[in-house]
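Open the model in your viewer and keep the selection tool at hand. The stops below say what to select and what is there.

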Amino acid sequence: MTLYGFSQPTHWNGQELPRIISRLFDVPDGHRLEVARRHGAYATIGPALFDRAPYEIIHEVAESGLRGRGGAGFPTGVKWGFVPRAPGKPVYLVINADEGEPGTFKDRLCLTRDPHLLIEGMICTGYALGVRTAYIYVRGEMLPQICILNQALREAYDAGLLGERIAGSRYSLDIFVHRGAGAYICGEETGLINSLEGFKGQPRLKPPFPAVSGAFGAPTVVNNVETIMAVPYIVQHGAKAYRRWGTEKSPGSKLFSVSGDIARPGVYEVPLGMPFMEFFALAGGLVGELLGCIPGGSSAPVLTAEETRRATMDYESLSSLKSMLGSGAVTPFNTTRDPVLILQTLTRFYAHESCGQCTPCREGTGYVDRVLDALIDGHGGDGDVDLLKSLADQYEPMTTICAFGPGAAWPVQSFVSKFRPYFEAYIAKNPQRQRTRDLAGVRPGAFW
Amino acid sequence: MAATAPADVPAIAKKWKDKRGSLIMALHDLQGRYGYVPRDAALELGKLMGVPLARIYEVTTFYNFFKLEAPGKHIISVCMGTACYLKGAPELVARLSEKLGIKAGETTPDKQFHLQQVRCIGCCGLAPVVTVNEKVLAKVKPAEIVDQVYACAKGA
């Protein structure tokens, strides 16, 4: 199963590139246990893990500064620390492999090329948190990856690396694969938990946070695939070694999936803090003249070319530019592209994927999409750019249960403010643009 | 996909009944057998698993993956993710619509082809991407799309 080649040089600009997550990505048959073991897989499953107390593992991961790689960038050690000690209920670990953000395709590669690193990370995490049963929630469309994962799980069970008394220790863990069914919202951790329980995947109000009351009412830790795959390295080599890469506040390495106007689209593992322009050079260089860049998945506010040139790939740099690192999906686009049409693909996506639970998001995402459609079809009015922004302002942070609403609002707000002339140009083509829009004529709601 | 005997339903129900939160997995099995979730099979499944039909419909209509009607024999999905869109997916849809005489979301009258637009399928490095059934067509060119789709359908 080769969908992408993974070909990154070992060194770049005289510096070694990290291979923490991607160590086996270019090893033929690296997804098979025998091959993976020859390359050092499951080295932590033994005294390196079981001779240490669980809290020491949590401490080590907290010290490493590892942050969640699914999008929010929440410190992993802190999240683990929220799980109550001796809760009197089972603690569940759930791996979020519901990767579905447009532009993000790193977890798919992880599952395809190195499922055993994920399993090893789950054993380490499970031991640290006292987990007996863990789930991997995989996006429903990823059938080949589900097959690879099931095969890897069978191999691990047969080798005594899962099940009762792992590798002769007193620790036992079972892992189940749960297949999603095509809903972007299930990547939100509480939506994912509802889906895992067999319900429609609408997010829950927090608190209670999943770490206290999650799946089946029990403490649950939900972590992204890539996050968990960094854990074995930290357990084996220590937090200090992990901090060799990256910056003070964004330590370590991260997978970035780059697509769009770039010569060699694909997945790359680079140290956090790398300048975007250097990263583009690593990926074969930009195609055409840069107009803008979506730096962290479709929710991340777009950057102008000028902002992209001074941005670095870490959490702080992007938040100082009022954008975010997100899932690490980088989509640069050149001057031959129309930002208005790019935004239209995003508003269509969010209108379709809104789960319909909260009014501002359900009505607003559809409203924005239809106003934008009208504008593109030549029916734009003078106030439409401001109308788009004011509509998106209605589902900003704190207006909805989950972060989907804000994630849908940010691209609208950023595109219309940073590429306003492109929107105005559409409106200018409409001879009747001064006519007041009949708002009653634009149907609200995400469902049509 | 040929309809199979309703005898499948009890087996599916038995497999998943005692596993917590397994309704979605059971529905995956059901759709795997029939190609969609037929109403009578859903009703039967609900009875056997102790789940009201209303809750089964809540789940099947919430998730994109589940179909309530039999789809065409060959399912053509054109990715509309950001990268595919940038690289010309709308033209691919237009070419296919013209050739097949149907709009996106429709099935040809002979039930051979179902054309749909899908959200990002996570192969942005291969944009624009079209899938025909399980087969992935990468970096598709508008001039070649129709022939490629027919070749896939023939091979299936």
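**A tour by selection**

Start by selecting A:Y426 and A:K429: the lysine A:K429 lies over the face of A:Y426, at 4.7 Å from the ring centre. Keep in mind throughout that this is a predicted model.

For a second case, select A:K254 and A:F256. Here A:K254 lies over the face of A:F256, and the distance to the ring centre is 5.7 Å.

**Aromatic pairs**

Over all chains, the structure holds 26 aromatic pairs. One of them is made by A:F50 and A:Y171, so select those two: the pair is tilted, with 6.3 Å centre to centre and 40 degrees between the planes. Which parts of chain A does this pair tie together? A:F50 lies in helix α2 (residues 47–50) and A:Y171 in the loop between α7 (143–158) and β5 (174–179), so the pair ties together parts that are 121 residues apart in sequence. Are A:F50 and A:Y171 buried or exposed? Both are buried.

Next, select A:Y135 and A:F176. They form another aromatic pair that is tilted, at 6.0 Å centre to centre and with 35 degrees between the planes. A:Y135 is in strand β4 (residues 131–138) of chain A and A:F176 is in strand β5 of chain A, so this pair links distant parts of the chain, 41 residues apart. Colour the two by accessibility: A:Y135 has a relative accessible area of 13% and is buried, whereas A:F176, at 40% relative accessibility, counts as partly exposed.

**The largest cavity**

The structure holds three cavities of 30 Å³ or more, and the largest cavity has a volume of about 80 Å³. To find it, select A:C355, A:C358, A:C361, A:C402 and A:F404, which are the closest to its centre of the 14 residues that line it. Then show helices α15 (359–379) and α17 (404–418) of chain A; each supplies at least two residues of the lining of the largest cavity. What kinds of residues make up the lining of the largest cavity? Eight are nonpolar, five are polar and one is charged.

**Chain B**

For the last stop, select chain B. Its domain assignment gives domain 1 (8–62) and domain 2 (74–155). Colour the two domains separately: the C-alpha centres of domain 1 of chain B and domain 2 of chain B lie 30 Å apart.

Key. Residues are numbered from 1 along each chain as its sequence is written. Chains are lettered from A and ligands numbered from 1 in the order in which they are written. This is a predicted model: local features need pLDDT of at least 70, side-chain atom pairs count only at pLDDT 80 or more; totals for chains, interfaces and linings use all residues. Side-chain values use heavy atoms; hydrogens and water are left out. Rings of Phe, Tyr and Trp (its six-membered ring) pair if their centres lie within 6.5 Å; planes under 30 degrees apart count as stacked, over 60 as edge-to-face and the rest as tilted. Helices (H or I, at least four residues) and strands (E, at least two) are DSSP runs, numbered from the N terminus. Buried means under 20% relative accessible area, exposed over 50%, partly exposed in between (1.4 Å probe, protein chains only). A charge sits over a ring if NZ of Lys or CZ of Arg is within 6 Å of the ring centre and within 35 degrees of the ring normal. Domain bounds come from an automatic or database domain assignment. On a 1 Å grid over the protein atoms alone, a cavity is a set of points where a 1.4 Å probe fits but cannot get out, and a pocket is an open set with protein on both sides within 12 Å along at least five of seven lines; lining residues have an atom within 4 Å of a point. Grid points are joined across faces, edges and corners, and a volume is the space filled by probe spheres set on the points. Ala, Val, Leu, Ile, Met, Phe, Trp, Tyr, Cys and Pro count as nonpolar, Asp, Glu, Lys and Arg as charged, and the others, Gly among them, as polar.
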